[in-house]
Amino acid sequence: GTLPVANGGTGVTTASALANTGNLVLLNTITTTDATVSDIDFDSTYITSTYDHYFYIGTVIPANDNVDFRFRVFTGGTLQSGASDYGTGAYGDGGTDYNDNTMNMIEIQPGIGNDSGEGASVFGYIHNPMTSTQQTRIDFISQRATSSATHGLRLGGGQVNAVEANNGISFFFNSGNFDTGSKISLYGVKQ
């Protein structure tokens, strides 16, 4: 049987219910099975007013070599890609940093390789996407094998410059598709 919570158990009886007993609730996982996927999107089915914060984690493998992993949002189902829709700042390996508030996307990790064993590990938080009283913000950390098979690190954050509700998110590369085996999971964060 099920051990009651009072006796140190979880009080749940199914594996899916057990997976969501913590503060992270798995909403969806997208795994590519071939190299035909250009964007990994989580639409208004997953980005709702239920959660103020979201956590994503994954491994991304580009079909093309030496590409940049990027992020955008949807507003009312329309992808936001205007010349100054985003601001972002980041610190990278080798002491490089930047800050730019006139971007058409948020760059999470540049220069990802696609040879065997290359790609990037990514994770971060997305804050208040469905709030129309402040900007949607993202924090990110990523590590990659570069196009020359060396380690690279980037951490940073960014925001949508407009104050608006964003009901979807999109991950993509600046060129080409995701290769087989790319995987991103999205979680709602309970508070």
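**A close look at Glu 107**

A: Let's begin with Glu 107, which forms a salt bridge with Arg 154, their closest N and O atoms being 2.9 Å apart. A salt bridge here is a side-chain nitrogen of Lys or Arg within 4 Å of a carboxyl oxygen of Asp or Glu. Glu 107 sits in strand β8 and Arg 154 in strand β11 (residues 151–160), so this pair ties together parts that are 47 residues apart in sequence. Strands are DSSP runs of E with at least two residues, numbered from the N terminus.

Before we go on, a word on the model: it is predicted, so local features need pLDDT of at least 70 and side-chain atom pairs count only at pLDDT 80 or more, while totals for chains, interfaces and linings use all residues. Residues are numbered from 1 along each chain as its sequence is written, and side-chain values use heavy atoms, with hydrogens and water left out.

How open are these two partners? Glu 107 is buried because its relative accessible area is 11%, and Arg 154 is buried because its own value is 9%. Buried means under 20% relative accessible area, exposed means over 50%, and partly exposed lies in between (1.4 Å probe, protein chains only).

Glu 107 has another partner: Arg 70 forms a salt bridge with Glu 107, with the closest N and O atoms 3.8 Å apart. This pair also links distant parts of the chain, with Arg 70 in strand β4 and Glu 107 in strand β8 (residues 106–112), 37 residues apart. Arg 70 is buried, as is Glu 107.

A search of the whole structure finds four salt bridges. The side chains of Arg 144 and Asp 93 meet in a salt bridge, at 3.2 Å from N to O. Here too, distant parts of the chain are linked: Arg 144 is in strand β10 and Asp 93 in the loop between β6 (86–92) and β7 (97–103), 51 residues apart. Arg 144 counts as buried because its relative accessibility is 13%, whereas Asp 93 counts as partly exposed because its value is 32%.

Technical notes:
Helix = DSSP H or I, 4+ residues; strand = E, 2+ residues; numbered from the N terminus.
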